[in-house]
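Subject: Model for you to look at

Hi,

Here is the structure I promised to pass on. Please open it alongside this note, and my findings follow below.

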Amino acid sequence: MRWSNWFRRSAPKTVRTRPFDEDALAAPPAPTLEQSVEEGMLLAEYATRMAVKNHIVVDTIQYGNDFDPARHTEEAAGILRELASEQNEAAGRIDEELQAATGLRGDATHPHDYRAVDIDNLTLRKSAALTLAQQLRDKADSEEQLLALVERGRQDAWDDVGTAIEAGLDALSGKEALRDDYEREKPARLKLLIWRDLAKLQEERTGY
């Protein structure tokens, strides 16, 4: 007895795939001067915010000073000017590499062995470093932008302090943390801590 063809299992088809060809990939677009400077500013502003945040925490908590933005704008300006100086130094090093690479042919022997083919990239990096240095100095000279940085640093500092307070509440709660409504009541207990204990601390320090 012969079974119909539709009962028979067909042999698996062999799928032929092409080997991966890296040369067939489209080259990524070269970064522009604006993109390079924007990325550098984002990194510089983040580093400045973190430093200002730490400055605020130490000044207000460790030394007990009242928060005053003017106490921290100078710190922010100093950091920005330091970063600007680093960019100027980087531009100087790149300029030396440009001079060495001009007219130099052949293959590089290590990552920092620049040749004539790297001239455009080095020129872009030098321009980005100089432009970034100028923008950082402009930011350091702007009272409005410094105050904005300090305010963001203050928010970061408060987030850290608030997280630490909540962790302390969790650690001291003991068996209360096992209650079903613990998470629901935690914000209220945090507000009570701020209103009562921090108000008492302010009274002890200021006398009113």
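Let me start with Asp 59, which sits in helix H1 (residues 33–62). Helices here are DSSP runs of H or I with at least four residues, strands are E runs of at least two, and both are numbered from the N terminus. Before going further, please note that this is a predicted model, in which local features need pLDDT of at least 70 and side-chain atom pairs count only at pLDDT 80 or more, while totals for chains, interfaces and linings use all residues. Residues are numbered from 1 along each chain as its sequence is written, and side-chain values use heavy atoms, with hydrogens and water left out.

Asp 59 counts as buried because its relative accessibility is 9%; buried means under 20% relative accessible area, exposed over 50%, and partly exposed in between, with a 1.4 Å probe and protein chains only. Its side chain makes a polar contact with the side chain of Arg 71, at 2.9 Å. A polar contact is a pair of N or O atoms within 3.5 Å; within protein, one must be able to donate a hydrogen and the other to accept it, and residues adjacent in sequence count only if both atoms are side-chain atoms. Setting aside neighbours within four places in sequence, Asp 59 is in contact (heavy atoms within 4.5 Å) with Gly 64, Asn 65, Arg 71 and His 72.

As for H1 itself, its 30 residues should span 44 Å at 1.5 Å a residue, and the end C-alpha atoms are 43 Å apart, which agrees. The expected span is 1.5 Å times one less than the number of residues.

A search of the whole structure finds six salt bridges, each a side-chain nitrogen of Lys or Arg within 4 Å of a carboxyl oxygen of Asp or Glu.

- Lys 139 and Glu 45 meet through their side chains in a salt bridge (3.1 Å, N to O). This pair links distant parts of the chain, with Lys 139 in helix H3 (residues 119–140) and Glu 45 in helix H1, 94 residues apart. Both Lys 139 and Glu 45 are buried.
- Asp 156 and Arg 49 form a salt bridge between their side chains (2.8 Å, N to O). Asp 156 lies in helix H4 (residues 143–173) and Arg 49 in helix H1, so the pair ties together parts that are 107 residues apart in sequence. Asp 156 and Arg 49 are buried.
- Lys 126 and Asp 95 also meet in a side-chain salt bridge (2.8 Å, N to O). Lys 126 is in helix H3 and Asp 95 in helix H2 (residues 70–101), so this pair ties together parts that are 31 residues apart in sequence. Lys 126 is partly exposed, with a relative accessible area of 25%, and Asp 95 is partly exposed at 24%.

For the overall picture, the chain has five helices and zero strands. Of its 208 residues, 26% count as buried.

Finally, a word on confidence. The chain averages a pLDDT (the predictor's confidence in each residue, from 0 to 100) of 79, and 66% of the residues score at least 70. Confidence is highest in H3, at 95, and lowest in helix H5 (residues 182–206), at a mean of 55. Where pLDDT is low, the predicted coordinates should not be read in detail.

Best wishes
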